[in-house]
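Please have the structure open while I talk.

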Amino acid sequence: MKRILTIQDISCVGQCSLTVALPIISAFGIETAVIPTAVLSTHTAFQGFTFHDLTEELPKILKHWEKENIRFDGFYTGYIGSVKQIEYIKDIMSHTAHPNAIKVVDPCMADHGKLYAGFAEDFPKHMLELCKEADVIVPNLTELCFLLDVPYKEYKKEELEDLVKQMGKKIDASVVLTGVSFHSDELGALTYDRKNDKLSYYFTKRVPVFFHGTGDCFASAFFGSVVKGFTYEKAAEVACEFTYRAIANTEADAKQHWYGVHFEEALGYLTSLK
Ligand code: PXL
């Protein structure tokens, strides 16, 4: 059985980051180890959340793992608790990777044109450094714009394709842009496979409600698919289908359950993949 490491926060309530990554990646039959970057009472879209930074735990954890000779087949990073963690994460990856371990970075820091609460204006330039370590990154449009330092606005199809290629070139990695839509009734992802210099799209029906945490569901299902051996194109398809199912499951409960999606009933889709 493959063993991977995912590094992101624990938001105790909120259905995002580790509380979704752990069950979703496990559903692929992959052993999922974690490093929490911070503990929050809820994710940052709630008012008045608590935040306990775990930055200085990271080097201690690595020191112990080195003694135990612990290695991983893949890494998936999400919400980072501090700029300093980026150097620590690079260290952890370089000391604990099996040869050919796959590295997925979700530059989780922004949405709808704005950085998440708590991130300084210069955070994207630090996140860019972590992206350079990745084989593939999974930004939304806001994150892509911050990483490329271009305005956040609606882009035409050809412009978007040019932006993901620019991004891939800048970090020498593949790029899966999430939340892509050219018609009001569809939503999907644009994948730029850098090695094959190939673009591909996958769309599902759009559920006309916004929920938090869908990027984390997407990234977790994408990562699980890649570790399982699927191409980036196929992995993006699986992630779109899974996220669509999770969102559709939540639509009727949107008022009460605004903070995340009911992904649990969609896990069966992942366990049945061949
Ligand atoms: O879903 C992304 C995410 C992860 N972790 C924390 C967040 C968010 C989005 O708001 O606040 C703490």
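Before the contacts, one term: a polar contact here is a pair of N or O atoms within 3.5 Å. With that in mind, and remembering throughout that this is a predicted model, consider T44, where a polar side-chain atom lies 2.6 Å from an oxygen atom of the ligand. Taken alone, the ligand exposes 310 Å², and the protein buries 95% of that.

Which residues are around the ligand? They are D9, S11, C16, S17, L40, H43, T44, Y79, C108, Y116, G213 and D216, and sorted by class this shell has five nonpolar, five polar and two charged residues.

Let me turn to the second largest pocket, which holds about 230 Å³ of space. Its lining consists of A134, D135, D172, A173, S174, D193, R194, K195, N196, F230, T231 and Y232, and by class that lining has four nonpolar, three polar and five charged residues.

Last, the cysteines: how many disulfides does the model have? The count comes to zero. C131 is in no disulfide, the nearest cysteine sulfur being that of C108, 11 Å away, and C131 counts as buried because its relative accessibility is 0%. For C217, the closest cysteine sulfur belongs to C16 and is 9.4 Å from its own, so the two are too far apart for a bond, given that a disulfide needs the sulfur atoms within 2.5 Å. C217 is likewise buried, with a relative accessible area of 0%.

Terms used:
Residues numbered from 1 in each chain as written. Predicted model: local features only at pLDDT ≥ 70, side-chain atom pairs only at ≥ 80, totals over all residues. Heavy atoms only, no water. Near = heavy atom within 4 Å. Polar contact = N/O pair within 3.5 Å; in protein donor to acceptor, adjacent residues only side chain to side chain. Areas by Shrake-Rupley, 256 points an atom, 1.4 Å probe, with all protein chains shown as cover. Nonpolar A, V, L, I, M, F, W, Y, C, P; charged D, E, K, R; others polar. 1 Å grid on protein atoms, 1.4 Å probe; cavity = no way out; pocket = protein on both sides within 12 Å on 5 of 7 lines; lining within 4 Å. Points joined across faces, edges and corners; volume = space filled by probe spheres on them. Buried < 20%, exposed > 50% of the residue type's maximum accessible area, 1.4 Å probe, protein only.
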